[in-house]
4 protein chains.
Amino acid sequence: MKAVRLHAYNEKPTVDEVPEPTVTGPFDVVVKIGGAGVCRTDLHIILGQWDAAMSPTLPYTIGHENAGWVHEVGSAVTNVTVGDTVILHPTPTCGLCRACRAGQDMHCTESVFPGLDGTDGGMAEYLLTSARACVKLDPSTQPKDVAALADAGITAYHAVRKALPLLYPGTTAVVIGAGGLGHIGIQCLAALTAANIVVVDRNAAALELAGQLGATQTVVADGKQVDAVKDLTGGEGADVVFDFVAEEGAENEGFAMTRPGGSYYVIGYGGTLVVPTLDVISTERNIVGNIVGTYNELAELMVLAQAGRVTLHTKAYPLDAAQQALSDLDAGMVRGRAILVP
Amino acid sequence: MKAVRLHAYNEKPTVDEVPEPTVTGPFDVVVKIGGAGVCRTDLHIILGQWDAAMSPTLPYTIGHENAGWVHEVGSAVTNVTVGDTVILHPTPTCGLCRACRAGQDMHCTESVFPGLDGTDGGMAEYLLTSARACVKLDPSTQPKDVAALADAGITAYHAVRKALPLLYPGTTAVVIGAGGLGHIGIQCLAALTAANIVVVDRNAAALELAGQLGATQTVVADGKQVDAVKDLTGGEGADVVFDFVAEEGAENEGFAMTRPGGSYYVIGYGGTLVVPTLDVISTERNIVGNIVGTYNELAELMVLAQAGRVTLHTKAYPLDAAQQALSDLDAGMVRGRAILVP
Amino acid sequence: MKAVRLHAYNEKPTVDEVPEPTVTGPFDVVVKIGGAGVCRTDLHIILGQWDAAMSPTLPYTIGHENAGWVHEVGSAVTNVTVGDTVILHPTPTCGLCRACRAGQDMHCTESVFPGLDGTDGGMAEYLLTSARACVKLDPSTQPKDVAALADAGITAYHAVRKALPLLYPGTTAVVIGAGGLGHIGIQCLAALTAANIVVVDRNAAALELAGQLGATQTVVADGKQVDAVKDLTGGEGADVVFDFVAEEGAENEGFAMTRPGGSYYVIGYGGTLVVPTLDVISTERNIVGNIVGTYNELAELMVLAQAGRVTLHTKAYPLDAAQQALSDLDAGMVRGRAILVP
Amino acid sequence: MKAVRLHAYNEKPTVDEVPEPTVTGPFDVVVKIGGAGVCRTDLHIILGQWDAAMSPTLPYTIGHENAGWVHEVGSAVTNVTVGDTVILHPTPTCGLCRACRAGQDMHCTESVFPGLDGTDGGMAEYLLTSARACVKLDPSTQPKDVAALADAGITAYHAVRKALPLLYPGTTAVVIGAGGLGHIGIQCLAALTAANIVVVDRNAAALELAGQLGATQTVVADGKQVDAVKDLTGGEGADVVFDFVAEEGAENEGFAMTRPGGSYYVIGYGGTLVVPTLDVISTERNIVGNIVGTYNELAELMVLAQAGRVTLHTKAYPLDAAQQALSDLDAGMVRGRAILVP
């Protein structure tokens, strides 16, 4: 089958012919890919920026946002059968460690991360995964329409869901960055809270889309965005700031926009927080880390998606055009999310 | 009456003769001071380090850890009567703002901070406060024995109480700094959890005391304390790190000792956190600000104190010896807490 | 001034001329009534059904759902000034007990309940209340439009808000009774969750309105409603059942509609639950009591109301027509809520 | 091997010779039993009282509180190996349903209940279970010393753990019934809270033991226990009542002992709650169902057990003496817990 494989850092991945994966373990599932999201993290991977954290052995197949149809199942798989439409949680987990037993999939001590850690990912015709990663969908769902929810989606949903108790009517949530994750976050906030939603972005078109998706107010990130958020919140700052950028200064501005007693949720990455401990304690603010969500959160997000309350703008590319999709993303030419469709 | 008043930064406060305060508002309470704690924050005040944050008008009476007996009450006061033994919440609050109505005293938008913000504090024979600050105590309680719980105590208790849901059996809490606040924190952890309690301090005597107060293990802060905590926690780090120091590097070591999914609680101050956002998100760790606790938390802490589950080492000084007490504290010559007894 | 006063149980209250209330205490507020809701509880009061619980001394002025404009304030009132538009929390509280300090207004040990406990209520031209009961509104708000949110509204909102953590996407909430409280509850659920909302009522017109207000599905209470709810929930029952009726059998049906691990929220009253403890433990279900909400919850609900997300059908009557309004309510001839407008 | 099998209701189970179980599925584990608790539920089973709920096919092997050593493992088992000392969660779960993925083992939609539902239990030399049921213990642990924690223990622990946020210093927890589960509950409360612990029981010896295990006060259930609890709590009742009896009237007394805003936790069973909905709403009390705890809760309880903070009184019987053990239990002649040791 065809697969998009990374052979060396700082070189373009190539579409290679490789053997199809097959089931060997009792919980294995092979999925025929219907859509594989192309994510900014893929660009970081190619640049070698995840090498230290993940130490993958090259070459391997990238692609960590996957949906499709079940093609083959192991002997002990009971939750899906061949032909089922599925979206895949990005990190197949062990099911046995303390974190798994508490439903904290993202803290599984034995999980793998196909497409990131050297395990083959989903930019291919078939993907080997586990029963524990499969969320069964209504058969009418098109995998290419939802694939990007598998990682970008649950990451945004997870952050929003954790913050819900803080976002009662009358509070303000700031969303920094109305791009791929951010525009899902805005929709989740609009679906699950009655909070004011203030969206901050450099890009006027992104802000216009944000308004359509549920933003109450928008702020152009022109250097005066901290003051603008304070003006919109009676001088206090926002109850919760969701920072989908968290680099190039956004991270320290995001913390500065957070009101006393409030919480700054980090979702993007790249920058460095520099925060005097006096500022943390005198205002009792929190800095909250966020990573990919849980299996159940992905299932919940699919409920929102199937009800039309979270939608994605996507642009489909054939698998052979993977390099083009990556280049377009890098060049800022993709509105919404690029999806490879084998 | 006598009062310890600060006339200029970087000069020793003096014991002056000033008029006794009297009740004017309906909720006013005048308390005859039985004990006023001498706190490291008083040293910072004298050095002018709180000037920017609080902008007090000099001169004023310092002292923000106070207990005593009710001397006079305003017309609308119903919760205490003359003669009652009381400990005082450090920040009399308005009772009407959103934060007050939610029980979040420390986020009251109208509170004052006697002894810090230019309002006269408790290093005096009498203190003017509010009914809302008074926690009534058993008449057998000696104010000088508990005064230091009014600020140091509830700050430690507040941080521990917020973290309780994270500290189930089998988890590890690290306490950095077994000084005034830290040794109260250790006792609160021992009273309210079955977690492992690992205490980190430079001082061997402080660690020995920590062991008597409930520490499961102790670690000398000799530069290898991050590795030592990791060794004690299977290489992972602690579920919760309470940093009562948060300066001179402790803050970044404290974050480094925190396990994936764990939380770093900042209570001390002075240093600056420098944290890449990638480290925050890839491990989903939290940085949690902590300030003084709520009125109800002070009442709860007094339950622990009156049951003998939280005790304080104190050293009494007469009010006239305030300069000596401050000097002794600055010179590291006070074991436990210095208390002025008018 | 005119006031609607109850002189004897089982007799119609009369519109009497009584002296206007005036401010005496420092926290007193006199409000010129702009709207006073007429509630089914008023009918129960007249029948003497609250006599045992509240022991009021007759005669007194009824009316516990009040909004209007501040007319006079006590010396210590800082949160409202003369002329402010306000809605009144139904139970002025002490602000000093443990419950008040925790924000649990409804558990204040010193609160009064004007209109219920013998303290004069709001079916009058003026009402004496406390600063702690006043929620300030946008001056454009008409008191008669929101008065019924003061008690019916926050009771429904309080129950829904407590249940929010249980109502993630994919879950089902059942609302039993789409009357005065129920139709507010439906709107709160629609504003704050993405759960399925199944509404059960005997009345087809009420169900039609429910559909317009956000119900996902409606069920006629024709005796087979337990089975109908189970059919709509895969045979399991609902995650949360809000019972705004809780009499005439609804209470035991409501518990029967609750899924294993689910919660049955009691808001109405009159019936008696008869539940084998084996049924409680073998399915781990909860029965959750609900009473009027907190001050902050009333403020939050007003945010929803002012945003148009919770609306009330009301029918205005002049104060002199109080008997007519009570008769109409008793006869089932009021759509939405009857409001007395002095 | 020998196994204690129930052939007909209302007849004594017999010790039969049956084939040893063997591993067939990839997640199967065969455990050599080191201790099997004899529980009052076993008496109920023999009387046919669980027939309607569980519909077991007779004959089958009873015994649902099991610990021992791993004897054989399936191909996909990674969390234990042959020879490991283990205690077994009572309900092997699927690991794939929503409840399992949320860590709510007791609400697994596909679980079995060996010893109750017709699946062979642990009163035998060997037991077939699943990797997901195995909690690995320190090899120094004697299975017979901890077996009864597998069901009685985690049930008590689960209820206490759920209630922890309600039990801050100054609150009161009532424990009704200081028998098998109750005396574990008392120890859990003492280890994890600083609440007052009031124990109610008919039996003076049980109350004396309760005092040794951490009860602050004890009350003889002589018919005046509701008043006695109210007297001990300022007339208000307890914040949380844990009812380990919940039959013969204890259930309604338990609810009556609960303070306004408080929670009545049902753990025992047999009686019927009769509660006017007015009593539920006017005081905003909760009735909380409790069943066996989660896998992680069993692991946490074992931490307490291995630290000596929860201990069990046990009386060992050889497997052949199973009838004697059941008779002794029925006759009230077992102090603590009877354990069969094959």
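The C-alpha centres of domain 1 and domain 2 of chain A sit 28 Å apart in this predicted model. If you want to pick the two out on screen, domain 1 of chain A is built from two stretches, 2-151 and 293-341, while domain 2 of chain A covers 154-289.

Now look at where they meet. Domain 1 of chain A brings 22 residues to the contact, and domain 2 of chain A brings 14 residues. Between them the two domains bury about 1,700 Å², and 58% of that area is on carbon and sulfur atoms.

What about the polar side of things? Ten residue pairs are in polar contact across the interface of domain 1 and domain 2 of chain A, counting pairs with both residues at pLDDT 80 or more. There is also one salt bridge across this interface. For a salt bridge to look at, go to E300(A) and R161(A): their side chains come together at 2.7 Å, N to O.

As for its make-up, the domain 1 face of chain A splits into ten nonpolar, seven polar and five charged residues.

Note on methods: Residues numbered from 1 in each chain as written. Chains lettered and ligands numbered in written order. Predicted model: local features only at pLDDT ≥ 70, side-chain atom pairs only at ≥ 80, totals over all residues. Heavy atoms only, no water. Domains from an automatic or database assignment. Contact = heavy atoms within 4.5 Å. Buried area = accessible area lost by both parts, 1.4 Å probe. Salt bridge = Lys/Arg side-chain N within 4 Å of Asp/Glu carboxyl O. Polar contact = N/O pair within 3.5 Å; in protein donor to acceptor, adjacent residues only side chain to side chain. Nonpolar A, V, L, I, M, F, W, Y, C, P; charged D, E, K, R; others polar.
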